[in-house]
Amino acid sequence: HPKKERKNQKTKRERKDTHQQNSPSSLSFLLLPSLPLSFQIHLKEHPPSFPRCPLFSFSSPPQERKKKPKDKTREKRHSSTKLSLFPLLPSSPFSASVLSDSSERTPSLFSPLPTFFLLFPTPRKKEKPKDKTREKRHSSNKTKPLSICHKPHHPFAHLPHTYQQKERKMYAEEFIVESPNVSYEEKHIVSKYNYQTTKVGIENDRVVVRPVNSEVIFRTDRTVPKLGVLLVGLGGNNGSTIVASVLANREGISWETKEGPKTPNYYGSVTQSSTIKIGSDENGDDFHVPLKSLLPMVHPNDIEFGGWDINGANLADAMERAKVLDYDLQRQLKPFLKDIVPMPSVYDQDFVAANQADRANNVLVGTKQELLEKLRRDIREFKIQRGVDTVIVLWTANTERFAEIRAGLNDTADNLLAAIERGESEISPSTLFAVACILENTPYLNGSPQNTFVPGCIELAERHRSFIGGDDFKSGQTKMKSVMVDWLISAGIKPTSIVSYNHLGNNDGKNLSAPQTFRSKEISKSSVVDDMVAANPILYKPSEHPDHVVVIKYVPYVGDSKRALDEYTSEIFMHGHNTVVMHNTCEDSLLAAPIILDLVILAELVGRIQIKTEASEDFEPFHPVLSILSYLLKAPLVQRDTPVVNALFKQRSCIENIFKACVGLPPENSMLLEHKVRTKFL
C-alpha cells in the first residue's frame, strides 16, 4: 500500500539518522601541509574493520549556539560532523589526540596520522532540499563503500588570517654574497675558491682515486663595456633576424598577429631567459636568480651591430626576403633597417655551393693578403665609428666545405701566414676572417661546421692570446640528440641506431644541397654522441659505436620552418629493443638568433675574468680556445689534449659553476643532505 510503504521508509530513515548522529560521517584531512588536495571520506556506516570506539577526540572552547526555529515543513536530515585536519600551531586554542582500540585493528588509512596534526570542526554546506517525489536510490540498511574524492584545496584555507601561509619570494633579479672569501671592490669582484676534483691512477695493478683540493682566485672586472658585434653574413636569415629582433626589444615594438597582440622577448637565450639555483631558504625551498645576474653582463639591447655579406641588400629587404618575422612587425621595423647595408665580404666559389653565385653582388676583390688587410681595417673603423670598447666577430654565413690540411700550408701559424701572403687557394674565406680577427686581438666565433680553425690558426690564436670559439650553432635537432643519448646511456640503455632526417627551405638548406658543404654539416652532427658512448664500456666495446646517419634535404616551400625527424633504436633488458621517434618543427633562425646573442655575451664576459692558481704567480685569462661555449655549439672546439664534452647538461653546468665560483658559491651537487637526515645541521 503506498501510505504504508512511505511510513516504513520514514521509520528506516529515522533509525538511520539516530545511528549517524553518533558517528562521524564526513572527514576532511590533509596528510601533508604541502599537498594541494583535500580528501573527503564519506561513511554512511562503519565498515566492519572500523573500531566501534571514536577514532578522534577533541576539545574546544565552549561556544554558545543560537537555536534556530525548526522548519516543520522540511524533512529532518541526518546529522553529520565534518572535521578538517591541520598542522598544530602553538597559539591554537584547540587540542586533539588520536585514540585507537588495541583490541581491534585500526584502519591503515588512519594509522600513519601524526599526533601533531589537529582537527578543526568546520561548518557543513547547506544542502538543497530533496525532491520528495523522487524515489530514494539506495536502501537505508545497505552499507555504502568507502569513497575518496579529490578536490583542489589550499592547506590553510580554514585557518585565521594570522595562520595563513605567507607567499615567500623565491626569485630575485639581484643578490650579493656575504662571505670572507668574496670581496666586492670598486673595479673587481674577487673570490677565493676551493676547487675540488679527483685524480685517478693505476698503481700495482689497481685503480687509485685521490681527492685533490686547489685554491683558485677569480677576479672579474665589474665594468661592462660597450660591445660591438660584426656578423659575417649580416644579410642572411640569421643576421637580419637577430638585428631586427634586438631593435624590436630595444624600441619596445609590439605587433598584431591572428592570435592577438605580441610583445618582443629574448626567449631561447640562456643568458637572458634562464635561471639558476643559488641556494635554499630556511624552509628548504630553492631560491633562483637569472643567469645574467651572477656577474655583470652586456645587455642585448646595448649591442651595436654591423657586418659583411656577399649580397648588398639592406636589412629591411633582407628581413622581408627571409620571411621569418611576422608581417606587422616587419612593417614597423623597416624604417630602422632600411639604412643598414652590409660591408662587402670575401667570396670564394670553390668553398660554397654553386647555387650561391646569384647572390654574390657585394664582394671584395684582391689577393689573399689584400683581403686580409681590408678585413682588419673594417674592424678598426667599425670600432671607432660606433664608439665601442670591444668588438666580437661571428661567422653566421654559408657553410663551407672542409679545407685540406697540408704540411707547409696551414699546419703551423707561420706556414698559414706565409700561405696567405702567397695567395694559396686552399685558404678559406672563414679562415681569412679568423686570422684578421686574431691579428686585431678581436674574439672570433664560428657558427658553421667547416674546419675554419686549422692547426695553424689555433696556434696563431694561442700566440696572440686572442679568443676563438666554435663550431656550428647547436639549436634544435643536435641539442635534443645530446639530451636523448645522454639520458639513454646514463640509464643503462644501449642506443644502437640513430637516424636523423631534416628538410628546410632557406638559403642554408640550399647551400647544404651541395655534397661538399653537406659533408661539413654531417661531420659536426655525427660527432655529438662520441664522448657519451666512450663513457660507458659496459654497453660498448672499445671499437663499438651506434649506427649514426644524418640526412638533410632542400625543400624550398617550407622556407625557414625546418622539419626534423629522429629515430633512436636501443637495446634494452634481455636483448629487447626500444624505439623512440621524435618530430620537430621549428623556425630555424628564431632558434639560432638567441644563440648568437649568448655566444657574444659570454665571450665578452669571459674576457673580463682572470684566474690565479697555485701554480701561477699572477692572474691570467682563460685559454684562447673558449671551450666554455660548448653548450651552444655542435662540435665544440677545445685545446689540445682536452676531452670533448657533448652531454648538454654537463656543458651547461660548466658555465653555471664557473660563474658561481667567480662570486664564491659552491657548485650545485643536488645531494640535499640536510633534508635526508633527522638531525638538522644547517
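The largest nonpolar core of this predicted model has 70 residues, and those that touch the most other members are Ile303, Phe305, Leu333, Leu337, Leu599 and Phe659. Helix α14, spanning residues 588-606, gives the most to this core, with 12 residues. Apart from this core lies another one of 37 residues, including Leu230, Leu432, Phe453 and Ala461. In soluble globular proteins, nonpolar side chains tend to be buried together.

Beyond its neighbours within four places in sequence, Leu333 is in contact with Ala244, Leu247, Ala248, Ile253, Met319 and Leu325.

Val246 belongs to helix α2, which covers residues 237-251. Its relative accessible area is 1%, so Val246 counts as buried, the cut-off being under 20%. With neighbours within four places in sequence left aside, the contacts of Val246 are Tyr266, Pro300, Asn301, Phe305 and Leu597. Of these, Phe305 is also among the residues that touch the most other members of the largest core. Asn265 is 19 residues from Val246 along the chain, and the C-alpha atoms of the two are separated by 9.0 Å.

Tyr501 is placed in strand β20, made up of residues 494-504. Is Tyr501 buried, partly exposed or exposed? Tyr501 is partly exposed, because its relative accessible area of 32% falls between the 20% and 50% cut-offs. Leaving out neighbours within four places in sequence, Tyr501 is in contact with Gln477, Val551, Lys553, Arg563, Ala564 and Leu565. His583 is 82 residues from Tyr501 in sequence, while in space the distance from C-alpha to C-alpha is 9.6 Å.

How values were computed
Residues numbered from 1 in each chain as written. Predicted model: local features only at pLDDT ≥ 70, side-chain atom pairs only at ≥ 80, totals over all residues. Heavy atoms only, no water. Helix = DSSP H or I, 4+ residues; strand = E, 2+ residues; numbered from the N terminus. Buried < 20%, exposed > 50% of the residue type's maximum accessible area, 1.4 Å probe, protein only. Contact = heavy atoms within 4.5 Å. Core = buried A, V, L, I, M, F, W, Y, C linked by side-chain atoms within 4.5 Å.
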